[in-house]
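Here are a few friendly notes to read alongside the model. Please have the viewer open as you go through them.

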Amino acid sequence: MGQGGFREDPRYAQTRKEVIVVLVLLIANILWWFIFAYGLGSKPPQEYSYVLGFPAWFFWSCIASLIVFSILVVLVIPMFFKDIPLDSESEGGERG
Amino acid sequence: MNLTREVLMQIWIPLLLYLAVVIYIGLYSSKIARKEKDFLGEYFLGRANFGGFVVAMTLVATYVSASSYLGGPGAAYTQGLGWVLLAMTQLPAAYVTLGILGKRFAIISRKVRAVTLIDVLRERYDNNPIVVWLASLGAVIFLMVAVVAQFVGGAKLFQTLTGLPYLWGLLLFGGVVLVYVTWGGFRAVVLSDVIQGVVMFFGVILLIFMVFYKAGGTYNAMQTLGKINPELLTPFGVKNFITIPWISSFWILVCIGIIGLPQNALRAMVYKDSKSMHSAMIIGTIVVGFLMLGLHLVGVVARVIIPEIPKGLTNDTIIPLLALNLLPPWLAGLLLAAPLAAIMSTVDSQLILVSSAIVKDLYLNYINPKADQRKISRLSMLFTALVSLIVILFAIKPPSLIIWINLYAFGGLEATFFWLIILGLYWKRANAPGAIASILVGVTSFILLSQYWKRPFGTHPIVLTLVLGFIAFYIVSLLTKPPKEETIRKFWGA
């Protein structure tokens with residue numbers, strides 16, 4: 001784009017990686033929600049099976065997803081997210 | 001509701017105690033603000049140095065509004081488990097907001113020394129005055145209207161439950177918010193959000209245990225629901241109200257799109273370091289998910305305990321009704337504080353944002369850039385009080401124009417800010433004309449679609465609105481000059 005010569009902020013490579021991780025997590029979350037809700041919940045209610053008292057579709061898509069994605073967030077963040085400084089080096093943390 | 005004097009007294013004591021605590025927080029925060037040299041940075045941003053737990057709770061409390069406590073469970077009461085499925089599209093709200101705006105947003109806002117979200121946008125779009133005015137006015141109008149609606153909800157809640165006349169409820173409730181926000185600024189907003197978030201969290205735990213105990217366990221609860229109407233157990237709602245394309249668009253409206261709500265985006269600016277952001281993502285996700293699942297599930301199971309809403313009340317009051325029916329009055333009073341907390345913690349963030357848009361984004365940029373510290377601090381507090389007062393006055397008898405605009409407030413904010421923020425951060429070619437086109441096309445199409453084409457291709461109007469807003473942004477940006485090289489250097493350079 002004709003802006004040759006300027007050096008990108010070195011922290012941005014890491015921020016890009018983190019955004020991709022979040023997007024992957026989000027897509028997995030949507031798929032989990034959709035597949036269990038409509039995969040198990042589309043038949044007539046008389047034929048539902050139950051888990052812990054709840055209709056199976058509901059248990060898996062709503063209750064289990066909360067547990068599974070909470071655990072995933074806890075695991076994924078320390079794995080892919082890095083502790084990088086937020087203040088610009090030149091100004092040395094004047095604001096923080 | 002007809003409650004005896006004694007019961008009312010017991011309800012009021014925890015409520016008043018709660019309001020007193022919130023006022024105290026305002027006072028405490030104003031003491032910190034007094035000591036601060038950089039008044040604007042403290043009053044509108046709390047100097048952006050909050051820890052993970054605090055950021056998580058303020059994000060959650062701002063996000064969880066009256067609708068999650070009143071309207072949402074009310075709809076779940078009518079529609080059954082399908083509505084809980086809809087509410088669960090909000091599970092990723094915290095990790096999506098913090099993660100997609102990401103550290104890049106925090107880095108940039110520090111680079112340009114931004115105090116408001118619009119500061120970031122102003123720098124990114126080459127100081128273009130039209131972008132700043134459109135974004136500021138969009139924020140001011142839509143947020144003020146949304147606050148009026150929440151105030152009305154809060155005062156009505158007081159009225160139905162405690163018999164306190166509407167006007168008195170409004171003045172009490174609005175007055176408390178006015179005082180702590182004006183005095184304490186953003187720090188008071190954030191600290192009270194933390195308390196309000198905790199109140200909501202424990203309120204929901206209590207509610208869940210209470211309804212399932214009363215309904216005889218999960219299995220019995222579900223079987224009774226099936227007998228009332230088997231459709232309550234399906235993901236499709238009653239009479240197929242919740243169709244697949246429509247429910248799927250809530251991933252856009254209440255999950256991804258909320259990045260475009262300025263009060264949420266602002267919270268991705270205020271964590272003090274990377275570690276705080278990481279823990280805010282984790283805590284925020286768990287708390288939002290738990291609140292959404294819990295509140296809506298309680299709304300569904302309430303159908304077993306209270307098969308019919310008493311005359312004169314609406315579905316919206318199902319949670320407070322449950323509390324009054326099943327708990328000793330003092331505990332019910334504490335639980336009633338929870339929806340109140342939900343309303344206050346949403347309203348306070350919106351009020352301080354409106355005030356910052358007027359003082360920092362408009363007055364200091366265009367009207368009087370040379371104002372000194374003392375004048376700025378007086379004006380900031382004056383405008384915060386004034387905006388709150390205007391909103392309270394409007395809520396006494398909301399004009400029909402306000403009710404009309406409120407229908408479009410949520411989507412309107414998303415249409416205004418979503419692409420400006422996202423493309424501004426991640427697309428170098430995004431420029432001011434593109435931003436202007438995106439706001440105009442987005443807001444107009446959202447209003448027109450909501451009126452004339454309510455479910456385009458089966459979806460919620462927000463989906464097509466954001467698609468059109470993106471197309472406008474993309475095409476106009478490519479047809480006009482790229483942003484100044486200086487801007488790109490500032491945002492992307494080392």
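Is the crossing in which α9(B) passes α17(B) left-handed or right-handed? The points below begin with that pair.

1. **Ground rules.** This is a predicted model, in which local features need pLDDT of at least 70 and side-chain atom pairs count only at pLDDT 80 or more, while totals for chains, interfaces and linings use all residues. Residues are numbered from 1 along each chain as its sequence is written, chains are lettered from A and ligands numbered from 1 in the order in which they are written, and side-chain values use heavy atoms, with hydrogens and water left out.

2. **α9 and α17.** The crossing is left-handed (the near helix is turned anticlockwise from the far one by less than a right angle; clockwise would be right-handed). Helix α9 spans residues 129-162 of chain B and helix α17 residues 329-367 of chain B; their axes come within 9 Å and cross at roughly 155°. Axes here are lines fitted to C-alpha atoms, for helices over the stretch in contact, with angles from 0 to 180 degrees between N-to-C directions. Helices are DSSP runs (H or I, at least four residues), numbered from the N terminus. α9(B) and α17(B) are therefore roughly antiparallel (over 145 degrees).

3. **α3 and α15.** Helix α3 (residues 52-63) and helix α15 (residues 274-305), both of chain B, have axes that come within 7 Å and cross at roughly 35°. Here the crossing is right-handed. Contact means heavy atoms within 4.5 Å; on the α3(B) side the residues include F53(B), M57(B) and Y63(B), and on the α15(B) side they include I283(B), V287(B) and L291(B).

4. **α15 and α16.** Helix α16 (residues 318-326) of chain B has an axis that comes within 10 Å of that of α15(B), crossing at roughly 60°. That makes α15(B) oblique to α16(B). Their crossing is left-handed. L295(B), V298(B), A302(B) and I305(B) of α15(B) meet I318(B), I319(B), L322(B) and L326(B) of α16(B).

5. **The chain interface.** In chain A, 56 residues are in contact with 67 residues of chain B. The two chains bury about 5,400 Å² between them, 69% of it on carbon and sulfur atoms (accessible area, 1.4 Å probe, lost on being put together and summed over both).

6. **Salt bridges.** The rule finds four salt bridges across the interface of chain A and chain B (a side-chain nitrogen of Lys or Arg within 4 Å of a carboxyl oxygen of Asp or Glu). K275(B) and D83(A) meet in a salt bridge at 3.2 Å, N to O.

Technical notes
Helices (H or I, at least four residues) and strands (E, at least two) are DSSP runs, numbered from the N terminus. Angles under 35 degrees count as roughly parallel, over 145 as roughly antiparallel, 65 to 115 as roughly perpendicular and the rest as oblique.
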